[in-house]
Amino acid sequence: MGNGNCGPFAIAFVTSICHGIDPSTVAFFERSLRRHIHECLQSGKVTPFPHTIRHVPRGNEVQIYISIYCTCYLYRPSKMIQCNGCENWFHVDCVCEPKNRAEIVKMSSWFCQDCLSR
């Protein structure tokens with residue numbers, strides 16, 4: 001994937017997924033990516049990109065789990081606070097106004113909005 005083809009490769013991957021093709025099992029023809037995009041735009045139809053089947057050895061796959069917390073459902077390293085009711089964790093900047101952030105961190109007991117409304 002050289003020569004600035006990240007965008008066309010991304011479009012080819014997404015197009016494959018939309019057509020039920022697993023992009024990890026195919027190899028796209030790099031030289032025809034831009035031409036295929038142009039043809040799709042001219043015809044008004046998005047068709048699968050030219051590709052060949054790629055045999056990927058399986059078995060050494062590693063799964064990584066990242067816990068998602070907070071109401072934003074994003075993983076990002078920042079100051080967090082735990083609810084004393086449900087014991088879930090929340091980003092301080094997601095649950096508190098900027099002027100109250102220092103105070104909320106010092107609190108010995110804090111309850112999230114869901115626990116307060118119960």
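Strands are DSSP runs of E with at least two residues, numbered from the N terminus. In the predicted model described here, the protein chain contains five helices and four strands, and along the sequence these elements follow the pattern α-β-α-β-β-β-α-α-α. Of the 118 residues in the protein chain, 21% are buried. The accessible surface of the protein chain comes to about 9,100 Å², and carbon and sulfur atoms account for 55% of that surface. Among contacts in the protein chain with a separation of 6 or more, 43% are made by residues 24 or more positions apart.

Helix H1 spans residues 6-18 and includes Ser16. Ser16 counts as buried because its relative accessibility is 1%, where the limit for a buried residue is under 20%. When neighbours within four places in sequence are left aside, the residues in contact with Ser16 are Ile21, Pro23 and Phe28.

Helix H2, which comprises residues 33-43, has Leu33, His36 and Cys40 as its buried residues. Seen down the axis of H2, these buried residues fall within an arc of 65° and therefore line one face of the helix. In general, an α-helix has 3.6 residues a turn, so residues three or four places apart point the same way. The buried residues of H2 pack against H1 and against strand S1, which covers residues 26-28, whereas Arg35, Leu41 and Gln42 are exposed on the other side of H2. Just after H2, Gly44 adopts a positive phi of about 80°.

As a general rule, most residues other than glycine have a negative phi. With a relative accessibility of 62%, Tyr73 counts as exposed, since the exposed class begins over 50%.

Methods. Residues are numbered from 1 along each chain as its sequence is written. This is a predicted model: local features need pLDDT of at least 70, side-chain atom pairs count only at pLDDT 80 or more; totals for chains, interfaces and linings use all residues. Side-chain values use heavy atoms; hydrogens and water are left out. Buried means under 20% relative accessible area, exposed over 50%, partly exposed in between (1.4 Å probe, protein chains only). Contact means heavy atoms within 4.5 Å. The arc is that of the directions from the helix axis to the C-beta atoms. Accessible areas come from the Shrake-Rupley method with a 1.4 Å probe; for residues, only the protein chains shown count as cover.
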